[in-house]
Amino acid sequence: MFKSILYFLNPILLQSVENPASQQADRINKLFNYFNVAAGAMLLLVIFLIVYICIKFRQKKGETDEPVQTSHNKKLEAAMIGGPVLLLAFFFYQTIATMNAVSPSVPKNRQPDIVITGHQWWWEVDYPGANVVAANEVHLPVGKQLLMEMRSADVIHDWWVPQLGNKMDLIPGRSNYLWLNIHKPGTYIGACSEFCGAQHAWMRINVIAQTESDFNKWLAANAKGAMQPTDSVAIKGLELFQSKSCAGCHRIQGTAATADVGPDLTHLASRHTLLTGLMENNEANLFKWVSHPQKIKPGAHMPDFNFKKDSVNAIVHYLEELK
Ligand code: CUA
């Protein structure tokens, strides 16, 4: 029973602002809780006053007169104006202080550690200087103040991983910046939070936070070019990938496929999910996707190519080797 409740709650806890996991989220959470406490106290005060007044001033048996009429209580008026003014001043100051702490301006010459580009409907993840381009699964080191540059290739998207702090819009033609310092390793999930077209709902985010040494290992492995196909089916798969339309949109480093319209597939097989979290990354699902993309993710920019079954088999077999 307890387990099934936990199972049900897990996705909620995992995407809760009340479960902060970064320096920035801590600050925002603190401010949020100040608001919660103030609002809660106000609610209790109003409930108490209503109940108290109802009991204290109710008409007693035998009383028929109007109650005593009063007006112009200067002290009460001063408290009713002064109280809210003080409260608002406190929250104004706290809000500005939190904004400054969470989003300080970017120093000149500070290069971003990660560049995230929103596409309809997937996330491109660049690691400048490391020759690594990933997609959808965002590997980040913990305990470092990271600067993330946010861009868009088409329409406005919105990055939001609730446990990691604030949202950030990705707007065509400009760069926005997000600071992020994650406390501990783990997987943090989020989603695009700005309606961006047919598959907006399938624009999930998976942040995989790792210790610095694990992250560096991952980065080094992903900086390498793609594995060379080892058997005849995979070799045929690579040939098909390059001769059919695949290479027109995708890059596989170390091959002739260098386009950057769709996700980089150099290390596709090392990812856990396909299509921004739509399904598990395995051979059967990859087969379904390459066979009929429009059935799996209608509206996605990959058309149905109506490949023959053994062509799909060869392509998928090759992609499965891209560890
Ligand atoms: Cu991208 Cu909604």
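The model is predicted, so local features need pLDDT of at least 70 and side-chain atom pairs count only at pLDDT 80 or more, while totals for chains, interfaces and linings use all residues. Residues are numbered from 1 along each chain as its sequence is written, and side-chain values use heavy atoms, with hydrogens and water left out.

Let's start with the sheet. It is open, has 5 strands in the order β3-β2-β1-β5-β8, and its pairing is mixed. Strands are DSSP runs of E with at least two residues, and helices are runs of H or I with at least four, numbered from the N terminus; two strands pair if DSSP finds at least two bridges between them. At the edges stand β3 (132-135) and β8 (176-180), each with a single partner strand, so one side of each has no neighbour in the sheet. On average, neighbouring strands are turned by 25° against each other, direction ignored.

Now look at β5 (residues 146-152). With β8, β5 runs antiparallel, joined by 5 bridges. L146 has L180 as its bridge partner in β8, and M150 has N176. With β1 (residues 114-119), β5 pairs in the parallel sense, again over 5 bridges, and here M150 stands opposite I116. Is β5 mostly covered or uncovered? Mostly covered: 6 of its 7 residues are buried, meaning under 20% relative accessible area with a 1.4 Å probe, protein chains only.

Helix α4 (residues 212-223) lies across β2 (122-127) and β3, at about 100° to β3. Such angles run from 0 to 180 degrees between N-to-C directions, and axes are lines fitted to C-alpha atoms, for helices over the stretch in contact.

Next come two helix pairs. Helices α2 (residues 23-56) and α3 (residues 74-102) cross at roughly 165°, their axes coming within 9 Å. They are therefore roughly antiparallel, the word for angles over 145 degrees, whereas 65 to 115 counts as roughly perpendicular.

Helices α5 (residues 232-243) and α8 (residues 309-319) pack with axes 7 Å apart, at an angle of about 100°. These two are therefore roughly perpendicular to each other. Their meeting residues include V233 and L238 in α5, and A314 and I315 in α8.

Note on methods:
Parallel < 35°, antiparallel > 145°, perpendicular 65-115°, else oblique. Contact = heavy atoms within 4.5 Å. Buried < 20%, exposed > 50% of the residue type's maximum accessible area, 1.4 Å probe, protein only.
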